[in-house]
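User: Could you walk me through how to read the salt bridges and the domain contact in a model like this one? I would like the general idea before each case.

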Amino acid sequence: MSLPVDHPRAVLLGSQAGAFVLPVCDHYSGVEARMRKSLQLQAEMAQEFGACVFDVTLDCEDGAAVGAEHEHAHLVAELAAGAAVDMRVAARLHAVNHAAFADDVQTIVSKAGSRLSHLMIPKVESVQDIVRAAALVDAAGAPDLPLHALIESPLAVHRACEIAAHPRVQSLSFGLMDFVSAHGGAIGAEAMGVVGQFSHPVVVQAKLAIAAACHAYGKTPSHCVVTEFQNLEALGASARQASRQLSYTRMWSIHPSQIRPILAAFSPEPTEVALSVRIIEAAFAAQWAPISHAGVLHDRASYRYFWQVLERAYRVGCDLPEFVKVWLAPPRG
């Protein structure tokens, strides 16, 4: 569905106007009981916030028992197909070189492709992995289904720009633990922890490279998990670092208790939201010509920033004026 020519996205974001802005939290679960609870929690929080504020990704890679991959794929397809219409449900498949990958695609996409928001492809090493995955997904009947790529090795980080540039890729995620392990002991285990992953220079460099690749091609950078899921204070601090220092706009959750702290950490400050509302309202009234607000000149460069503040605010369920919510609601049809 095309946007009106005077819609803020069309005016301010140019070629990226049609890109869907992803929720800031991507919640993973692979055990049946937890997958069902995740979907229930997603629906409950959508009712609370007035929008679907996090994705649920049903996990085949870590969720399926060895030898039971086909049965698990059927379960994921069943759960995804039964999710509420306005909810965002995805599936993480096995890696493209895994024996179960093609069956994952055929089983899940053919049965639930119309309900899936995207597919997560783990252990992507090159754009050729994306090409192969896209071909199988297309053949299964979902040629428009977005793909997310999990970057987990030094070589994949080196190729992050090439992977992000592929038109089918919507987001890149960083796989911290596999990345550290791929260095053969050259990076210590502490770099997988809540402190070390933000201080080890090689890990930080990899995170920045992935974020930069995403921003260069209009894709969403998604930050890795914090495995210390019981330490919510540390999780919140990590999420704020990912958002404010490393330029990530999305983060993984592996426990329901992590979802709200991630939403809070990725939320803009209330004063900034209020300022953004005033500036965008005045800019729209001026037909996007330059304005003066509180003695400060604003034009389309700053309008773009304040519009994106409002997009972030909407994604985390902030209270916004109705005219802003109408602009920000995902198009239908």
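User: How many salt bridges does a search of the whole structure find?

Analyst: A salt bridge here is a side-chain nitrogen of Lys or Arg within 4 Å of a carboxyl oxygen of Asp or Glu. By that rule, the whole structure holds 15 salt bridges. This is a predicted model, in which local features need pLDDT of at least 70, side-chain atom pairs count only at pLDDT 80 or more, and totals for chains, interfaces and linings use all residues. Residues are numbered from 1 along each chain as its sequence is written, and side-chain values use heavy atoms, with hydrogens and water left out.

User: Into which domains is the chain divided?

Analyst: Domain bounds come from an automatic or database domain assignment. Here they give domain 1 (25-266) and domain 2 (269-328). With contact meaning heavy atoms within 4.5 Å, seven residues of domain 1 and six residues of domain 2 take part. The domain centres, taken over C-alpha atoms, are 30 Å apart.

User: What area is buried between domain 1 and domain 2?

Analyst: Buried area is the accessible area (1.4 Å probe) that two parts lose on being put together, summed over both. For this pair it is about 540 Å², with 45% from carbon and sulfur atoms. On the domain 1 side, Phe49, Leu263 and Phe266 supply 49% of the area buried against domain 2, more than any other three residues.

User: How many salt bridges does the rule find across that interface?

Analyst: The rule finds one salt bridge between the two domains. Elsewhere in the list of pairs to look at, Glu269 and Arg244 meet through their side chains in a salt bridge at 4.0 Å, N to O.

User: Where does Ser199 lie?

Analyst: Ser199 sits in the loop between α8 (176-181) and α9 (201-216). A polar atom of the Ser199 side chain is 3.4 Å from the backbone oxygen of Val195.

Definitions and conventions. Helices (H or I, at least four residues) and strands (E, at least two) are DSSP runs, numbered from the N terminus. A polar contact is a pair of N or O atoms within 3.5 Å; within protein, one must be able to donate a hydrogen and the other to accept it, and residues adjacent in sequence count only if both atoms are side-chain atoms.
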